[in-house]
Amino acid sequence: AADKLWGGRFSEPTDAFVERFTASVGFDQRLYHHDIQGSIAHARMLAKVGVLAEAERDSIIEGLEAVRQDIEAGRFQWSVSLEDVHMNIEAALTERIGVTGKKLHTGRSRNDQIATDIRLYLRDEIDTIAAELNRLQEGLVELAEQEADTIMPGFTHLQSAQPVTFGHHMLAWYEMLDRDYGRLMDCRGRMNRMPLGAAALAGTSYPIDREYTAQLLGFDAPTANSLDSVSDRDFAIEFLSFASLLLTHLSRFSEELVLWTSAQFSFVDLPDRFCTGSSIMPQKKNPDVPELVRGKTGRVYGHLMSLLTLMKGQPLAYNKDNQEDKEPVFDVVDTVKGCLKAYADMMPSVGVNRNRTRSAARQGFATATDLADYLVRKGLAFRDAHEVVGQAVAHADENQCDLEDLGLDELQQFCADIGEDVYQVLTLDGSVQARNHIGGTAPEQVRGAVAQAREALARR
Ligand code: ARG
């Protein structure tokens with residue numbers, strides 16, 4: 001099959017179906033920019049060590065730049081019979097500059113080439129994603145500051161637990177995202193080693209300078225083992241793990257926003273431009289963006305499972321199985337960027353219904369723990385205080401009123417030590433202000449945490 005770059009030992013053309021079945025150019029053409037970037041660095045290195053003449057290097061670089069322009073102008077004809085992005089570009093180069101183009105692949109294999117391309121690609125996407133993640137964090141910090149004094153119910157078991165501030169709740173989301181950011185940076189750090197030079201699997205007999213190529217491409221160092229270099233896809237799995245946990249968090253935020261925008265909660269309003277209506281029910285304004293983000297979590301988890309399964313049975317070194325890593329990685333990149341953009345755009349314009357969150361916090365005896373703590377300060381053991389307050393709650397519940405609606409004489413039936421100062425303790429503001437320690441919900445702590453988060457974000 002003389003039409004193939006590898007056709008020398010073949011005596012019949014590839015089956016037409018097999019050609020389509022094994023081709024990856026339909027999706028890996030997305031890597032063209034990084035493929036060319038890697039090839040240019042490889043050519044420079046080959047010239048540095050004397051394998052290519054300087055004129056040959058220059059002709060290759062010029063040719064590759066021209067191919068890049070053709071691709072970007074939509075003039076490039078991708079060919080399935082050339083299988084993948086690498087051979088499409090190499091063939092176009094040779095067509096442009098002649099026989100010198102055929103020298104580019106000296107001391108290189110598609111195996112180390114693709115391992116390099118995908119790292120270069122993912123490194124750029126990680127940087128974009130990190131910026132978008134930080135933009136969402138900034139939005140949450142902004143909202144937290146605005147709502148540092150806003151009272152809302154805090155829940156455990158989705159039952160009214162203790163009052164918290166809305167700002168504190170937003171900063172809980174911020175913390176989750178901050179761990180995601182840390183995981184993303186860890187992944188980037190381990191990924192940033194250069195496989196080029198591993199060639200097919202064993203290295204190459206040319207006097208290559210891997211340190212030089214690594215430096216040209218912005219890698220921290222060359223990889224240490226050629227077999228591992230061409231077969232490792234840990235970095236892709238790590239990226240998908242990061243993405244899965246990020247989507248877990250976004251899905252949880254989404255669940256809360258969906259709940260909070262319902263008429264029965266009405267804690268927040270989403271801007272109209274992030275919602276859609278119903279074709280039959282005129283009153284509807286649906287929180288589609290959070291719902292869709294929650295839904296997209298499933299596909300990201302699925303891709304992580306695909307990649308883990310893809311790798312588990314592979315002997316060293318490169319196997320064609322690895323071609324199946326692209327579509328999951330690409331889809332996760334697109335999904336993560338979409339979800340982060342939607343959230344980063346949306347969060348700063350979320351409206352908080354402060355009256356509504358405050359009145360909701362008043363329901364469900366949310367300051368009962370404060371009353372128990374008050375009794376402890378009066379000398380009771382916490383367990384006894386717990387019992388006393390439990391009885392007071394049952395009494396109030398029977399009378400369908402709140403704890404602070406009970407008169408002093410009524411409260412004193414449960415414990416004679418209760419004094420007039422109890423009513424201060426039973427207020428929502430008193431409750432949140434009392435939790436004034438590192439990590440607590442008091443407005444003062446929220447403002448401190450906001451300042452710290454801003455400093456951390458400014459350092460990135
Ligand atoms: N399309 C291949 C991939 O995605 C590129 C490497 C092909 N190497 C090979 N020996 N067939 O992994």
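User: What percentage of the 460 residues of the protein chain count as buried? And which residues are around the ligand?

Analyst: In this predicted model, 39% of the 460 residues of the protein chain count as buried. The residues around the ligand are Ser24, Asp28, Asp84, Arg110, Asn111, Ile114, Lys320, Asn322, Gln323 and Lys326, and by class this shell is made up of five charged residues, four polar residues and one nonpolar residue. Helix α6, which covers residues 110–146, gives the most to the shell, with three residues. Because domain 1 (7–106) and domain 2 (111–206 + 219–357) both give residues to the shell, the ligand shell lies between these two domains.

As for the setting of this site, the protein chain has 19 helices and six strands. The chain is more spread out than a compact globule, because its radius of gyration of 31 Å is well over the 23 Å that the globule rule gives for 460 residues; along the principal axes, its C-alpha atoms fill a box of roughly 100 × 50 × 40 Å. Among contacts between residues at least 6 apart in sequence, 75% join residues at least 24 apart.

Turning to the annotation, an unreviewed UniProt entry places the feature "domain: Argininosuccinate lyase C-terminal" at residues 365–433. In the model, that span is 61% helix and 0% strand, and its end C-alpha atoms lie 17 Å apart.

Technical notes
Residues are numbered from 1 along each chain as its sequence is written. This is a predicted model: local features need pLDDT of at least 70, side-chain atom pairs count only at pLDDT 80 or more; totals for chains, interfaces and linings use all residues. A residue is near a molecule or strand if its C-beta atom, placed from the backbone, lies within 6 Å of it. Helices (H or I, at least four residues) and strands (E, at least two) are DSSP runs, numbered from the N terminus. Ala, Val, Leu, Ile, Met, Phe, Trp, Tyr, Cys and Pro count as nonpolar, Asp, Glu, Lys and Arg as charged, and the others, Gly among them, as polar. Domain bounds come from an automatic or database domain assignment. UniProt positions are given in the numbering used here, feature names are shortened, and annotations may be inferred rather than shown by experiment. The radius of gyration is taken over C-alpha atoms; the globule rule is 2.2 Å times the number of residues to the power 0.38. A residue is buried if 20 or more other C-beta atoms lie within 10 Å of its own, exposed if 12 or fewer, and partly exposed in between; C-beta atoms are placed from the backbone. Two residues are in contact if their C-beta atoms, placed from the backbone, lie within 7 Å.
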